[in-house]
Amino acid sequence: MDTEPNPSIIRKNPLRYNIFDSRNEGLATAVEELFLQAGLYDDNPRVREIVYIMIAQRAARGLGSLYAHANEMTMEEAGKIHSDYTPRGWMKTEKELLIFEQHLYLRQPGYGTSYITGKYLVEQALAEYARLCEKNSKPFQLKSFFDNLNSIGNIPITLGQWQLTGNKDHLNTILDN
């Protein structure tokens, strides 16, 4: 931000709160699977297993956090969901990490779920961008999607999708509810 500020006057300064969790964590989660599906890890077949275990772990962690935030479960009960639904018992061997993550997500509502919900939103934006490329008879390139997404700055992915594609139908759905 100091050396390469976004040219937009409303995006050149730091944000006052983390409105970008779904974009950042969702993008990181989506990239793992996108690169896997693109063949980047084909020389190591165990990577597929690890990527999907990590997605399942993030979903379990987010689900526990939703129950805890709704006061339907204690932090310990939410941690049990996180632990029980992570494949291969990986969270059962990481008690300190489990406690740390449960505390972290209780302090930041929406953060625990942002990995999976954000991944979904990134995939929606990517699909809409690909449809727009096809409609305009341009080849879809994953690199151009990421270059364009990164060039607009660190804004919520739903707004990024609108800026990338010009289509705000997904925003109207949110506003109508």
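Is Arg88 buried or exposed, and what is its relative accessible area? Arg88 is exposed, with a relative accessible area of 59%, where exposed means over 50%, buried under 20% and partly exposed in between, using a 1.4 Å probe and protein chains only. This is a predicted model, in which local features need pLDDT of at least 70 and side-chain atom pairs count only at pLDDT 80 or more, while totals for chains, interfaces and linings use all residues. Residues are numbered from 1 along each chain as its sequence is written, and side-chain values use heavy atoms, with hydrogens and water left out.

**Salt bridges**
- The structure holds ten salt bridges, each being a side-chain nitrogen of Lys or Arg within 4 Å of a carboxyl oxygen of Asp or Glu.
- One of them joins Glu49 to Arg88, with the closest N and O atoms 2.4 Å apart; the pair links distant parts of the chain, since Glu49 lies in helix 2 and Arg88 in the loop between helix 3 (75-84) and helix 4 (95-107), helices being DSSP runs of H or I with at least four residues, numbered from the N terminus.
- Glu123 and Lys119 also form a salt bridge (2.5 Å, N to O), and Glu33, Lys119 and Glu123 are linked in a network of such bridges.
- Lys119 is buried, with a relative accessible area of 10%, whereas Glu123 is partly exposed at 29%.

**Cys133 in helix 5**
- Cys133 lies in helix 5 and is buried, with a relative accessible area of 8%.
- Leaving aside neighbours within four places in sequence, Cys133 is in contact (heavy atoms within 4.5 Å) with Lys138, Pro139 and Phe140.

Conventions:
Helix = DSSP H or I, 4+ residues; strand = E, 2+ residues; numbered from the N terminus.
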